[in-house]
Amino acid sequence: VEGDEIKAQRWLRRMVWAWLRRPAMVETLRGLGELRGNRRHKVFEGGESVGLVVEFNGISFSSYKDFQRHRKVDWRSEPDWKPKFEVHIPKEIAKLPPEMVELYLGVHKQAYELSWKMAEDPDLKAEARYVLTHGMKTSFKLGLGLAEAFWIAEIRTLPSGDPEYRWFAQQLYRELIKAMPELIWVKSYVDWKDHPLGRIKE
């Protein structure tokens, strides 16, 4: 049974989303969007009052850690630490000779099997997560405000970023627009280009 506080929060969230869809508010969003000259210009103040829950699925532990470089997300939601033999293969590795790709997957499989064995031991269950590789995939949920979601989507799609987490940041923005099409009027600085891996000038 939900408590009164949770019910009140959900009611307030529905009211805010309904308010954002009003014609007058669409014009306001359009005007606020025109004021954004670059990604450092914050999304409207009320954006922090709109709560979101974002779920990332099939993301590597490497990209999960990258999302924490400017903010700590695991205090809000820990990732799924259960070992899975689902491995992210960067396109640079996928282009290598088949025997190299097989070696890459073989190392991950060894780590996966060892982690499972450790997890079955009550005394080593916590330590089993340290065997997981950066390439193994996980999932996690994140609670954040609308303005913060815009900020993450924009800063995490910079050209110098890793291709995998850039894709997830782009998906974050796509899902925002899918849930609330009117937000398209708030000027976005999400970078949609496909940049090669490596540090470049920004």
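## A walk through the fold

Residues 24 or more positions apart account for 72% of the contacts with a separation of 6 or more in the protein chain, where contact means heavy atoms within 4.5 Å. What you see is a predicted model, in which local features need pLDDT of at least 70, side-chain atom pairs count only at pLDDT 80 or more, and totals for chains, interfaces and linings use all residues. Residues are numbered from 1 along each chain as its sequence is written, and side-chain values use heavy atoms, with hydrogens and water left out.

Let us begin with the overall layout. The protein chain has seven helices and two strands, and along the sequence they follow the pattern α-α-β-α-α-α-β-α-α. Helices (H or I, at least four residues) and strands (E, at least two) are DSSP runs, numbered from the N terminus. Of the 202 residues in the chain, 40% are buried; buried means under 20% relative accessible area, exposed over 50%, and partly exposed in between (1.4 Å probe, protein chains only).

Now look at α6, residues 146–155. Nine of its 10 residues are buried, among them Phe150, Ile152 and Ile155. The buried residues of α6 pack against β1 (51–60), β2 (137–145) and α7 (163–179).

That brings us to α7. The buried residues of α7 pack against β1, α3 (61–66) and α6, and they include Tyr165, Phe168, Leu172 and Tyr173. At the start of α7, a side-chain oxygen of Asp162 comes to within 2.9 Å of the backbone nitrogen of Glu164. How does the length of α7 compare with what its 17 residues should span at 1.5 Å a residue? The expected span, 1.5 Å times one less than the number of residues, is 24 Å for α7, and its end C-alpha atoms are 24 Å apart, which agrees.

Next, find Asp80 in the loop between α3 and α4. Asp80 counts as buried because its relative accessible area is 18%. Leaving aside residues up to four places away in sequence, Asp80 touches Phe61, Thr138 and Ser139.

The protein chain exposes about 12,600 Å², and carbon and sulfur atoms supply 57% of it; accessible areas come from the Shrake-Rupley method with a 1.4 Å probe, and for residues only the protein chains shown count as cover. Leu96 sits in the loop between α4 (91–94) and α5 (98–119). With 36% relative accessibility, Leu96 is therefore partly exposed.

Note on methods: Polar contact = N/O pair within 3.5 Å; in protein donor to acceptor, adjacent residues only side chain to side chain.
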